[in-house]
Amino acid sequence: ALASLLPPEHAARVLRGVATRHVRHLASGAPAKALADPRRTRVALAALGALGAVAPSVFATHAAAVSDFVMSVMLPAPAAAFGRGGALAAGGGSKSAAPSAGALPPPSVAAAAKAEALEDLAAALVPDAASPLVLSDARAAAKAVAGSSSSSSSAGGLRIRMTAEALAVADRLVPELAGLVDPDAAATDGSAAVAAAHAAIVAANEEGGAGAELSPAARADAAALRTGASRALLALLQAAETRVPSGAYFALSLVLQDQEADVRSAFRAALISAVDSACRGGGVRAAPALWGSASSSCSFSAGSSSSRASKLAAPLALSAVDPSKQAQLQALKAMRRFVASRREAVAQQMRQRAAAAATGRNGGGNEDPKTPSATTDSLLHEAPEFALTYLLQILAHHPDFPPCGPATGGGPFPAAEELTPFAVRFLF
């Protein structure tokens, strides 16, 4: 509201004071003081998450401190650090906890706070293209570029960029989130903070004992963490796909086959919303590489979409093996919407390019509008079939993919009699 009502300079000044006040709470005295008041801490992190989205330049100075608090202080902390009620079930206020179908109890206050903190941190790193402050910064950047270049600024539109500080935090955060969404690898392949977070859950297991199965309460806490981490990683994938390496993308995709129905349901809803949002944007961008490097520029056009819709839609095929018929139907409907939207977008672009070529606005009017160079070459990555490039990689790295290669004594590819049963499982 402040960002919308006040002039940009005034809004930035007021929000700078708001950010300082909340960060001061997180860093006041010993970190344990902030954890002991989980309600106040959750309010502070939620406010900073919203503030980072509408005023990235204001949040930039606090990005590292907030990230350190969430990942190094809050995440590995035991339930007892969250006050006397830290181990008690959250009272339905957790946005990260999926509605339970009776399989799991609500997560503890500590687990719910950690899950929400992961989502708030990711939200703070991603600029909101509708924010007046974000648009003001983008216009200033575009004006600076236009002043030093003769190229037209109307071709690409405004470029909404994550700040350098946000990108630095994202680069550290992505592998941590990837470790959290994979329940099997987290304890061995994750960072010290991720391992400590899982150790805290195991330690709170009242049915304890080394190697013992987790109690329903401990399973609920672990599920809440995976849900919050998957949503946070999805937000970063939408905004900065080149900063999310293939391994993290594969781990995120497999959340749709999580052992807990609540986690699958919550992530599937978020993923479908992301796919629908990407398809609604319209527009065409340059064809991207399948996997970008960490040094790639991270920006997106306000109000436009790219082939990231294909990248987001591809994992939905994994829902074909979900035990719930309702879940299968939700994913199938989402994929049909995606295919219809992409086909219409490509058809519209082809009509526009053909019309431009016919009137001499494309190559001087000498180019046949029916030739591939005039219509389809640069649109292949916008077609729905482009999602297959991502889906094939997901399946090739799937834990159930038939073994092959020299290590198994076989050829470079699985035998047809092994590959076919694996592949047909993912047909709706």
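Biologist: At what angle do helix H2 and H4 pack, and how far apart are their axes?
Modeller: Keep in mind that this is a predicted model. In it, H2, residues 8-27, packs on H4 at about 145°, and the two axes are 9 Å apart.

Biologist: Is that crossing left-handed or right-handed?
Modeller: H2 and H4 cross in a left-handed way. On the H2 side, the contact residues include Leu15, Val18 and Leu26, while H4 brings in Leu45, Leu48 and Leu51, among others.

Biologist: What classes of residue make up the contact of H2 with H4?
Modeller: There are eleven nonpolar residues, plus three polar and two charged.

Biologist: OK, now H4 and H7. How do their axes cross?
Modeller: H4 covers residues 38-54 and H7 covers 109-125. Their axes come within 7 Å and cross at roughly 15°. Angles under 35 degrees count as roughly parallel, so H4 and H7 are roughly parallel to each other.

Biologist: Which residues make that contact?
Modeller: Among them are Leu45, Gly49 and Ala53 of H4, and Ala113, Ala117 and Asp120 of H7. The contact of H4 with H7 has eleven nonpolar, two polar and three charged residues.

Biologist: Let's zoom out. How many helices and strands are in the chain?
Modeller: The chain has 19 helices and two strands.

Biologist: And what share of the residues is buried?
Modeller: 45% of the 428 residues count as buried. As for the accessible surface, that's about 19,800 Å², with 59% of it belonging to carbon and sulfur atoms.

Note on methods
Residues numbered from 1 in each chain as written. Predicted model: local features only at pLDDT ≥ 70, side-chain atom pairs only at ≥ 80, totals over all residues. Heavy atoms only, no water. Helix = DSSP H or I, 4+ residues; strand = E, 2+ residues; numbered from the N terminus. Buried < 20%, exposed > 50% of the residue type's maximum accessible area, 1.4 Å probe, protein only. Areas by Shrake-Rupley, 256 points an atom, 1.4 Å probe, with all protein chains shown as cover. Axes fitted to C-alpha atoms, helices over the stretch in contact; angles between N-to-C directions. Parallel < 35°, antiparallel > 145°, perpendicular 65-115°, else oblique. Contact = heavy atoms within 4.5 Å. Nonpolar A, V, L, I, M, F, W, Y, C, P; charged D, E, K, R; others polar. Left-handed = near helix turned anticlockwise from the far one by under 90°.
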